[in-house]
Amino acid sequence: MNAQISSPASHDTASTPAQFEARLRALESRYHIHHPFNQRLNSGRCSREQIRGWVANRFYYQVNIPLKDAAILANCPDRATRRRWLQRLVDHDGQRDGEGGIEAWVRLGEAVGLDPDELWSQQHVLPGVRFAVDAYVNFARRAPWQEAVCSSLTEMFAPQIHLDRLAGWPSHYPWIEQDGLQYFRSRVPLAQRDVEHGLEVTVNHFRTPEAQQRALEILRFKLDILWSILDAVEKAWPL
């Protein structure tokens with residue numbers, strides 16, 4: 001996977017902010033909610049082994065989210081933006097032990113039968129997953145901070161995937177402890193809040209036809225990252 005995104009050909013006119021947002025949102029068709037593995041997962045057709053494999057590998061993505069956000073903070077000279085973005089670090093890392101999205105994912109791991117030490121050791125992380133996630137973090141470190149913010153806009157599509165899990169998992173997988181689903185519950189309102197800020201930055205920064213096209217390419221790149229994670233998991237734990 002190549003994190004260096006080539007600049008596409010320019011278009012004649014820039015989209016209005018509303019049109020640009022609509023173009024970004026139209027990329028939902030590439031979101032991993034449509035991946036065959038996720039569709040099986042959310043329709044009750046995955047085995048315990050497959051679910052555990054997915055949880056263990058997705059954990060590698062979870063623990064790298066704060067590194068991505070810290071890279072954006074490090075590259076951003078605007079104090080007001082940093083103050084708002086800082087909340088994302090708190091959301092995932094927490095302010096003390098037992099708090100934050102990462103700890104919520106550990107509880108999900110326990111609920112599906114994984115020991116926390118298994119998750120933290122990363123012993124189940126697949127090479128393809130590691131490569132994809134590392135490509136995302138490296139992009140955030142090297143790209144202009146506004147481009148890294150744009151790459152986070154896959155959050156536009158995240159609430160639905162969490163709602164699907166909350167709606168279906170209790171009946172499909174009654175063996176999973178319900179307290180383990182707290183990560184999905186918490187992320188619905190947080191993702192909606194984060195999208196508002198991410199869109200604000202993206203719409204204000206990417207104003208020319210060329211810039212807007214690049215923003216679309218960046219978002220496609222991030223969507224490919226998420227899709228590649230499930231490709232690797234599906235290959236390791238096929239039906």
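This is a predicted model: local features need pLDDT of at least 70, side-chain atom pairs count only at pLDDT 80 or more; totals for chains, interfaces and linings use all residues.
Q: What average pLDDT does the chain have?
A: pLDDT is the predictor's confidence in each residue, from 0 to 100. Over residues 6–10 it stays under 50. In the chain, 95% of the residues score at least 70, and the average is 94.

Q: Which residues does Asn57 touch, not counting those up to four places away in sequence?
A: Contact means heavy atoms within 4.5 Å. Leaving out residues up to four places away in sequence, Asn57 touches His124, Val125, Leu126, Val129, Val233 and Trp237.

Q: At what angle do helix H3 and helix H7 pack?
A: Two packed helices are described by the angle between their axes and the distance between the axes. Axes are lines fitted to C-alpha atoms, for helices over the stretch in contact, and angles run from 0 to 180 degrees between N-to-C directions. For H3 (residues 48–75) and H7 (residues 127–142), the axes are 8 Å apart and the angle is about 10 degrees.

Q: Is H3 roughly parallel or roughly antiparallel to H5?
A: Angles under 35 degrees count as roughly parallel, over 145 as roughly antiparallel, 65 to 115 as roughly perpendicular and the rest as oblique. H3 and helix H5 (residues 100–111) pack at about 170 degrees, with axes 10 Å apart. This angle makes the pair roughly antiparallel.

Q: How many nonpolar residues are in the contact of H3 with H5?
A: On the H3 side the contact includes Trp54, Phe59 and Pro66, and on the H5 side it includes Ile102, Trp105 and Leu108. Ala, Val, Leu, Ile, Met, Phe, Trp, Tyr, Cys and Pro count as nonpolar, Asp, Glu, Lys and Arg as charged, and the others, Gly among them, as polar. The contact has one charged residue and two polar ones, and the number of nonpolar residues is nine.

Q: How many salt bridges does a search of the whole structure find?
A: Side chains of opposite charge can pair when their charged atoms come close. A salt bridge is a side-chain nitrogen of Lys or Arg within 4 Å of a carboxyl oxygen of Asp or Glu. Searching the whole structure gives a total of 14.

Q: How far apart in sequence are the parts that Asp224 and Arg30 tie together?
A: The side chains of Asp224 and Arg30 form a salt bridge with an N to O distance of 3.5 Å. Asp224 belongs to helix H11 (residues 209–236) and Arg30 to the loop between helix H1 (17–25) and helix H2 (36–42), so the parts tied together are separated in sequence by 194 residues.

Q: Which helix holds Arg84, the partner of Glu200?
A: Glu200 and Arg84 form a salt bridge, with the closest N and O atoms 3.2 Å apart. Glu200 lies in helix H10 (residues 182–205), and the pair ties together parts 116 residues apart in sequence, the helix of Arg84 being H4.

Q: Is Asp91 buried or exposed?
A: Asp91 meets Arg193 in a salt bridge at 2.4 Å, N to O. The pair ties H4 to H10, since Asp91 lies in H4 and Arg193 in H10. Arg193 is partly exposed at 32%. Asp91 has a relative accessible area of 12%, which means that it is buried.

Q: What is the relative accessible area of Ser152?
A: Ser152 is in the loop between helix H8 (145–151) and helix H9 (158–172). Its contacts beyond four places in sequence include Lys68, Trp85 and Tyr136. Ser152 is buried, with a relative accessible area of 2%.

Conventions: Residues are numbered from 1 along each chain as its sequence is written. Side-chain values use heavy atoms; hydrogens and water are left out. Helices (H or I, at least four residues) and strands (E, at least two) are DSSP runs, numbered from the N terminus. Buried means under 20% relative accessible area, exposed over 50%, partly exposed in between (1.4 Å probe, protein chains only).
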